[in-house]
Amino acid sequence: MSVSPVKRQKMESALDQLKHHTTVVADTGDFNAIDEYKPLDATTNPSLILAAAQMPAYQKLVDDAVAYGRKLGGSEEEQIKNASDKLFVLFGAEILKRIPGRVSTEVDARLSFDKEGMIQRARRLIDLYKEVGVGKDRILIKLSSTWEGIQAGRVLEAEYGIHCNMTLLFSFAQAVACAEAGVTLISPFVGRILDWYIANGDKKTYEPSEDPGVKSVTKIYNYYKKFGYKTIVMGASFRNTGQIKALTGCDYLTISPKLLAELSKEHVKLTPTLSVKEAQACDLEKIHLDEKAFRWHHNEDQMAVEKLSDGIRRFAADAVKLERMLKERMFSTENGK
């Protein structure tokens, strides 16, 4: 249905309407995009930081991270790791100057199967934020939604008061385990689920309401609201605005600058598709997953198994690229001599 130019002027953009029903989060490390779309929160990951760190505008942050790594000393590997952690925190601290809410900072994906390693690295990131005057209440630590990652989240929340954002979440089993662990927030992926079904099935197009990624997040949202879990559901990884609009009413949605721009130009009426009232009336049954049951149920979902492992490899590869870039800055010119 087309909207007349006069009505279009009066009608709020799809983005502004979405903000009435859902907390909008910017999925970017680019400060300019954050300034433009004024989200409550922002999320980063190794891929976004790698992209931002190569932009001329952010070279001062890279230089500061390199200087920090050198100052702490130690082996070449330790200096690079310290510089990398510092870079994530410097980006996060700058983003926090531009938003009222929280920023998500990711623990190295190469620790995805190391519970204690994730706990240590998360605490290290929180300490680094503290050094630059940022309290832990403004940080969400992102962890891979492996069994080990979920249990690391449980410890960080319960013992250290560190808020966690469980990422690379593709299966219902992952969502149930995260709820039982009492984490602050989950990031169920939408677009990457759609990618898998298009690549592995005969159907190549989906209406938003039938999109397998949209249906996955809807089921998780309904389960959490029906059984009173406090964990925030934040849909992530979108391929088009149709997926976003089909999840209007979800707690949070984290959206790329490209799709934020498209939503700001759209003038169609949005109505919430997710609600607590409807969730409480759904026919889902409560389940409990110990480690054995989690591994079995997750393993039964071929898409989720493949996308989780692929996501970990991708984030790990970008972490390696970022470290390589830092290494060149720190050592290839003999510290600039």
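Helices (H or I, at least four residues) and strands (E, at least two) are DSSP runs, numbered from the N terminus. The model is predicted, so that local features need pLDDT of at least 70 and side-chain atom pairs count only at pLDDT 80 or more, while totals for chains, interfaces and linings use all residues. Residues are numbered from 1 along each chain as its sequence is written, and side-chain values use heavy atoms, with hydrogens and water left out.

Taken as a whole, the secondary structure of the chain comes to 16 helices and 8 strands. The chain has a radius of gyration (taken over C-alpha atoms) of 20 Å, close to the 20 Å that the globule rule gives for 337 residues, so it is as compact as a globular protein of that length; the rule itself is 2.2 Å times the number of residues to the power 0.38. Along its principal axes, the C-alpha trace spans about 65 × 55 × 40 Å.

Of the 337 residues, 57% count as buried, where buried means under 20% relative accessible area, exposed over 50% and partly exposed in between, with a 1.4 Å probe and protein chains only. If contact is taken as heavy atoms within 4.5 Å, then among contacts between residues at least 6 apart in sequence, 70% join residues at least 24 apart.

The interior can be followed through its nonpolar cores, each being a set of buried Ala, Val, Leu, Ile, Met, Phe, Trp, Tyr and Cys residues joined through side-chain atoms within 4.5 Å. The largest of them has 94 residues, and those with the most contacts inside it are Ile186, Tyr224 and Ile255. Helix H6, which covers residues 76-96, gives the most to this core, with 10 residues. A second, separate core of 13 residues includes Trp196, Met303, Leu308 and Ile312. Returning to Ile186, and leaving aside its neighbours within four places in sequence, one finds it in contact with residues including Asn165, Met166, Leu169, Ile220, Tyr224 and Val233.

Not counting residues up to four places away in sequence, Ile49 touches Thr44, Leu87, Phe88, Phe91 and Leu322. The C-alpha atoms of Ile49 and Phe88 are separated by 7.1 Å, although the two residues are 39 residues apart along the chain.

Asn222, in helix H11 (residues 212-226), counts as buried at 16% relative accessibility. With residues up to four places away in sequence again not counted, Asn222 touches Ala279, Cys282 and Leu284.

Finally, the backbone deserves a look. Most residues other than glycine have a negative phi. Lys38, however, has a phi near 45°, a positive value in a residue other than glycine, and its place is in the loop between helix H3 (31-37) and strand E2 (41-43). Phi of Leu168 is near 55°, which is likewise a positive value in a residue other than glycine, and Leu168 is found in strand E5 (residues 164-169).
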